[in-house]
Amino acid sequence: MSQPVLQVQALERRFGLTHILRGIDLELAAGECLAVIGPNGAGKSTLFNVISGALAPSAGDVLLHGRSIAGRSPDAIARLGLARSFQISQLFEHLSVADHLRLACLRARGMRFDGWHGLRGVLAKLPDVQASLARWLQRLELGDQQRSLPGELSYAQQRMLELGMTLASEPQVILLDEPTAGMSRSETEQFVQRLRVLTQGRALMLVEHDMQVVFELADRVAVLHEGRLLACATPQQVRGDAAVRSVYLGGLPC
């Protein structure tokens, strides 16, 4: 494996006397997809929260391009090139598809502001923002919906828009939390195809319960159980791991 872009070293997170993460060691290489799986309560969301800055670690470290980001704010970590999407929708009900993507393009340029609506007309005239907007609308296949509000989109289109906002900030490392949750099988298949294209060349870590998605996308699979790393290996090796199969009660695809 090439030089890791993200390293999790002896990571622990406690809430009072309760250990949620217990000495997790993981690495993610440039261009690699690492899926994190495990039963409910295994520590997957807590792991993402610590990596992305929503929680500080109780012990251990997180390195991005060899630089410690443990305990930094989510905004500071995002500016260093790590972006995260969430399982629960983070869209703004009164902003159009195009406005959502404009916001993401502006964040990629380090711009911060309080009043969005007053700036919309000015920003629409900025050539580089408009060019980025047009490119992402096309790549996300949302050009016909650019004036639509989130509530007017299908669920799969809403998830695609959220993915586009994550990617439009041009991160080198992407964390996706349950990206296909709630989708039909046909929606999931289409989303996975687009995800593979859109994240090509980027380091991707995803939490996903759909094992078909996991084994289709992942180069390696990390299995958490009761806050510990039970296994981290190729999909084929994880499929054949007796300890992993016992945790999933035989629920892994063959």
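Biologist: Is histidine 65 buried, exposed or partly exposed?

Modeller: This is a predicted model. Buried means under 20% relative accessible area, and exposed means over 50%. Histidine 65 has 44%, so the residue counts as partly exposed. Histidine 65 lies in the loop between β4 (59-64) and β5 (67-68).

Biologist: What is the phi of histidine 65?

Modeller: Start with the general idea. Most residues other than glycine have a negative phi. Histidine 65 has a positive one, near 55°. Glutamate 178 also has a positive value, near 50°. Glutamate 178 sits in the loop between β7 and α7 (185-198). Glutamate 178 has a relative accessible area of 4%, so this residue is buried.

Biologist: What is the strand order in the open sheet of six strands?

Modeller: The order is β6-β7-β8-β3-β9-β10, and the pairing is mixed. β6 (82-85) and β10 (228-233) are the edges; each has a single partner strand, so one side of each lacks a neighbour in the sheet. On average, neighbouring strands are turned by 15° against each other, direction ignored.

Biologist: In which sense do β7 and β8 pair?

Modeller: Parallel, over five bridges, with β7 spanning residues 173-177 and β8 residues 203-207. Leucine 175 faces methionine 205 in β8. Helix α6 (residues 155-168) packs on the sheet and touches β6 and β7. Its direction makes about 155° with that of β7.

Definitions and conventions
Residues numbered from 1 in each chain as written. Predicted model: local features only at pLDDT ≥ 70, side-chain atom pairs only at ≥ 80, totals over all residues. Heavy atoms only, no water. Pairing = 2+ DSSP bridges. Helix = DSSP H or I, 4+ residues; strand = E, 2+ residues; numbered from the N terminus. Axes fitted to C-alpha atoms, helices over the stretch in contact; angles between N-to-C directions. Contact = heavy atoms within 4.5 Å. Buried < 20%, exposed > 50% of the residue type's maximum accessible area, 1.4 Å probe, protein only.
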